Amino acid sequence: MITLAGICREFMVGDERVAALRDVDLTIATGEYIAVMGPSGSGKSTLLNIIGLLDRPDAGTYLLDGEDITGLGDRQQAALRRHKIGFVFQFFHLVPRMTAAENIELPMILAGIDPSERKQRVAATIDAFGIGNRARHRPDQLSGGQRQRVAIARAVIMQPHTLLADEPTGNLDRVSGGEVVEILEDLNSRGLTLITVTHDPDLGKRAGRRIRMVDGRIESDR
Amino acid sequence: MLLRDLIRLSLGSLVDQRMRSFLTVLGIAVGIASVVLLTSIGEGVRRFMLSEFTQFGTNLVSINPGRTTTVGVSGAIINNIRPLSIADEEALRRIAGVIDTIAVVQGNAPVEWEKRSRHTTILGVGPTAAAVFKIDVARGRFLPVDDQRAPRAYVALGSTVATELFRETSPLGKIVRIGGERYRVIGIMESKGQMLGFDLDDAVYIPTVRAMSLFNLDSLMEIDLLYQAGLESRTVADQARRLLSARHGAEDFTITTQEEMLDVLGSVLNIITLSVGGLGAISLLVGGVGILTIMTIAVTERTPEVGLLRAIGAGRGQILLLFIGEAVVLAAIGGLCGLVIGAGGAWLLGALVPSLPTHTPWLFALYAELLAAAIGLLAGVLPARHAAGLDPIEALRAE
């Protein structure tokens, strides 16, 4: 359950103030499938970053599971990101020197989870994502679709309730993009809240709820 | 985050940049190796010097005329220093615990045999000097026990003097002229080498009283007391001080115990070891700058990775820890390599050049390793702070 009320976010570009988000109100129930769309610079990514606790709003309140998290410190926000939110990026952001399995293991290392438990969970997740024969490969030995699958596996290994995907298919061909969308939707069907930011109208149409943003405001929400 | 994971992650990124890590490790290794090697040499020299110094016998107290003090009136007006005499020596010999005494007079004079002549150190000593100073007699014997006030004209030659003057001829029983007077060679000393620049082999030993008349002296230059092992040097020195003060009416002499001399020498040599180690520390500093440079580059290169780590739940503290951990691991590996190279080098040096004494003090080695880790920590802090301070969104965007 995510509740945003009166969220504002401004950036300084040179010596000019640019409002990325203007007074945004948004409520997202657990298990929803949301596509955030809109032209470049409309504030989609900023919205996603604020929901994902990577950015702080200048004004407004953000309730995550009923808890006001705008005033939390760095350490507590990091813990929330670790346990409640998963990120998927357009450019995958896998650590190049680590194997697929090690990349998936990374959030659990940061969380200080016991190595034997980590091993089990990584093995189970790798099987579930159909990348078992690629576990020991490094990212540069994987195809784009495989990389994004590894990235999704990493995003959900801590069993978050919300998955934030910023243009998850933006860097993939049609076929592997379709596979990735299927994986994301499958996760959503199991109760994970899925919020994607996308330019792709086809991808947008698949979402249960479409939010269109223009100039830092929510223009339509259906 | 578990410590073993931190170390594993650090090792992972260091192995990924093998060449670069190797060179950085090398920098620290050279620094630690030079610290270890130089302190090994310094410590070896210190031990060597101390053993050289004590090889002339321990349990010695030496007494010299005059006293180093500052008084209000010029010394010339109240110049009442009484010289040390043979009678003083005989009195000192009666102190309980004193085994022997040696009255010493020293000067330079030519020693001649046939057509050869050599200017050398003439030591006027008593018959027990060889035993007290631990100089063995190679051939013949040392000065005999004689009437102290009118000893016979015998001389014992240092090994250098003997070979220089006599070459292949045996000097025993030959008559040499010292300062014009005739002396019969009674013994040749074992080679003892130099001590603090003074060549004991390039010297001849004659009875004290004869040396006094040779150099036209009416007093002794030094009296050495040999006391029983196990006695406190301070006790012996105090007794000697009281006795001589009573005889002279004032304390117009200086007593030096060997412990005091060793203390002074030891502290001087400690400083040498330290300063030599300090020279090595400079190269260690350079190694530290190497780590700083490489970590700064690493943070810049891995900025997107920092953003990713933040996104998947790393706090600023964890980012800080990751990069500092990497720097410390780098430095610690360098330190270990340096320790092995340094200690191995010292051992090799000791084996190849036996005349150069080396000794690796393991406590110093431990300090050096800790120092390396500390340098890694210091060098890592700045880049790691930079990494931790990055804005995660900006970092993710950087490519």
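Begin by selecting helix α3 (residues 86–93) and helix α7 (residues 233–248) of chain B, whose axes come within 10 Å and cross at roughly 140 degrees. The model is a predicted one, in which local features need pLDDT of at least 70 and side-chain atom pairs count only at pLDDT 80 or more, while totals for chains, interfaces and linings use all residues. Residues are numbered from 1 along each chain as its sequence is written, and chains are lettered from A and ligands numbered from 1 in the order in which they are written.

Helices here are DSSP runs (H or I, at least four residues), as strands are (E, at least two), and both are numbered from the N terminus. An axis is a line fitted to C-alpha atoms, for helices over the stretch in contact, and angles run from 0 to 180 degrees between N-to-C directions. Angles under 35 degrees count as roughly parallel, over 145 as roughly antiparallel, 65 to 115 as roughly perpendicular and the rest as oblique. α3(B) and α7(B) are therefore oblique to each other.

Next, display B:Asp88, B:Ala91 and B:Leu92 of α3(B) together with B:Ala240, B:Leu243, B:Leu244 and B:Arg247 of α7(B), which make the contact. Two residues are in contact if their C-beta atoms, placed from the backbone, lie within 7 Å. This contact has five nonpolar, no polar and two charged residues. In this classification Ala, Val, Leu, Ile, Met, Phe, Trp, Tyr, Cys and Pro are nonpolar, Asp, Glu, Lys and Arg are charged, and the others, Gly among them, are polar.

Now move to helix α10 (residues 316–352) and helix α11 (residues 362–388) of chain B, which pack at an angle of about 150 degrees with their axes 7 Å apart. That angle makes α10(B) roughly antiparallel to α11(B). Their contact comprises 24 nonpolar, four polar and four charged residues. The crossing of α10(B) and α11(B) is right-handed.

From α8(B), select B:Gly287, B:Ile291, B:Met295 and B:Val299; from α10(B), the partners include B:Phe323, B:Leu330 and B:Gly334.

Colour chain B by domain next. The assignment, which is automatic or from a database, gives domain 1 (3–52 + 264–397) and domain 2 (82–251). The C-alpha centres of these two domains of chain B lie 55 Å apart.

UniProt, in an unreviewed entry, lists residues 21–41, 271–299, 320–350 and 362–382 of chain B as "transmembrane region". Such positions use the numbering adopted here, feature names are shortened, and annotations may be inferred rather than shown by experiment. Select residues 21–41 of chain B: the span is 100% helix and 0% strand, with its end C-alpha atoms 30 Å apart. Residues 320–350 of chain B are likewise 100% helix and 0% strand, with end C-alpha atoms 44 Å apart.

Finally, turn to the contact between the chains, which takes 21 residues from chain A and 21 residues from chain B. On chain A, select α2 (74–84) and α3 (100–111), each of which supplies at least two residues of the side touching chain B. That side of chain A has ten nonpolar, four polar and seven charged residues.

Notes: A crossing is left-handed if the near helix is turned anticlockwise from the far one by less than a right angle, and right-handed if clockwise.
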